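The structure is shown below.

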Amino acid sequence: MTRTLPSPAPSGFAMTPIGVIESDYPDKFGIPRQPGLAPAARASLVLTPPYDDPLAVRGLDTFSHLWLSFVFHLSPAQAAPEDWSPLVRPPRLGGNARVGVFASRSTHRPNRLGLSLVELLEIDTRRGVRLVLGGCDLVSGTPILDIKPYLPWAEARPEARAGFAPEAPPLLPVTLAPEVETTLAERADGDSLRELIHQVLAQDPRPAYRNGAEERIYGVRLRDVDVRFRAEADPAGDIRLRVVEIVPA
């Protein structure tokens with residue numbers, strides 16, 4: 001009997017983005033490393049032609065959360081398949097220990113593909129299709145390749161092992177200088193921006209190997225401002241992040 005061998009896999013696949021993200025994060029520095037860690041973060045997924053047909057999202061409003069497949073478009077693309085690196089340094093391990101790229105969620109991947117779970121807050125079909133999202137962890141301009149509804153009965157596995165990231169990272173206290181509070185009080189979105197600042201900075205967006213007090217001032221861009229902060233030690237020696245000013249970006 002003649003055995004039929006499977007056809008060889010194609011050498012590549014062409015993919016076209018179906019939309020693009022507009023978010024509170026104009027720059028990738030400071031974005032929480034996982035979705036949902038900053039619930040105050042807002043974003044919109046704007047579908048692009050020809051995928052902006054309202055018929056394409058009929059029934060989506062019955063789901064509360066979505067999976068987004070996307071491209072880490074700000075990560076460098078490899079010049080050739082042989083240029084990929086099998087090892088990466090996850091920030092969760094201090095940026096020093098190495099693990100296999102497929103045992104991580106690193107942005108530096110052979111195909112630069114990402115997967116994010118977001119909350120669906122609203123669907124606007126007045127001009128094309130715009131999905132309003134909560135808890136988003138994507139930089140503005142991120143190309144989206146696909147949308148799938150999240151099914152908690154099939155995809156929530158609280159008993160699953162989580163390797164070197166068994167629980168959410170600890171949060172740092174965040175304080176705001178009086179001048180910062182004054183600036184926020186003058187903004188129409190001051191309350192939500194204050195909440196976003198606290199949620200983002202509590203994750204400590206500094207490089208993983210910098211985990212102590214520093215004189216250096218860092219800046220995280222959120223919405224239309226640059227949030228400038230530094231790490232200080234309190235009287236007990238514990239680290240907190242203090243926002244010293246916010247200025248137009």
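S23 stands opposite A43 in strand β2. The model is predicted: local features require pLDDT of at least 70 and side-chain atom pairs count only at pLDDT 80 or more, whereas totals for chains, interfaces and linings use all residues. Residues are numbered from 1 along each chain as its sequence is written, and side-chain values use heavy atoms, with hydrogens and water left out.

**Strands around S23**

S23 belongs to strand β1 (residues 19–23); helices (H or I, at least four residues) and strands (E, at least two) are DSSP runs, numbered from the N terminus. β1 and β2 run antiparallel and are joined by 5 bridges, where two strands are said to pair if DSSP finds at least two bridges between them. With a relative accessibility of 14%, S23 is buried; buried means under 20% relative accessible area, exposed means over 50%, and partly exposed lies in between (1.4 Å probe, protein chains only).

A polar atom of the S23 side chain lies 3.0 Å from the backbone nitrogen of Y25. Leaving aside residues up to four places away in sequence, S23 touches R42, A43, L138, V139 and S140, contact being heavy atoms within 4.5 Å.

Strand β2 (residues 42–47) is largely enclosed by the rest of the structure, because 5 of its 6 residues are buried. β2 also pairs with β7 in the antiparallel sense over 5 bridges, and V46 has R130 of β7 as its bridge partner.

R130 is also the bridge partner of D124. Strand β7 (residues 130–134) pairs with β6 in the antiparallel sense, again through 5 bridges. β6 and β7 form a hairpin with 5 residues between them, and G128 in the turn has a positive phi of about 80 degrees.

An open sheet is formed by 4 strands in the order β9-β12-β11-β10, with mixed pairing. β9 and β10 stand at the edges with a single partner strand each, so one side of each is left without a neighbour in the sheet. From one strand to the next, the twist averages 35 degrees. Within this sheet, β11 and β12 run antiparallel and are joined by 9 bridges; E232 stands opposite R240 in β12.

Helix α2 packs on the sheet, touching β9 and β12, and its direction makes about 50 degrees with that of β12; axes are lines fitted to C-alpha atoms, for helices over the stretch in contact, and angles run from 0 to 180 degrees between N-to-C directions. Helix α3 lies across β9, β10, β11 and β12 and runs at about 130 degrees to β10.

α3 has 12 residues and reaches 16 Å from its first C-alpha to its last, close to the expected 16 Å at 1.5 Å a residue; the expected span is 1.5 Å times one less than the number of residues. The buried residues of α3 include L193, L196, I197 and V200. Among the elements covering the buried residues of α3 are β9 (174–176), α2, β10 (218–222), β11 (225–233) and β12 (239–248).

**Salt bridges**

How many salt bridges does a search of the whole structure find? The search finds 16, a salt bridge being a side-chain nitrogen of Lys or Arg within 4 Å of a carboxyl oxygen of Asp or Glu. Three of these pairs are set out below.

| E214 | R206 | 2.8 Å |

E181 is partly exposed, at 31% relative accessibility.

Both E214 and R206 are buried. In the remaining pair of the table, R230 is partly exposed with a relative accessible area of 25%, whereas E232 counts as buried at 18% relative accessibility. Salt bridges that share partners also join D24, R187, D189, R223 and D224 into one network.

Key. Polar contact = N/O pair within 3.5 Å; in protein donor to acceptor, adjacent residues only side chain to side chain.
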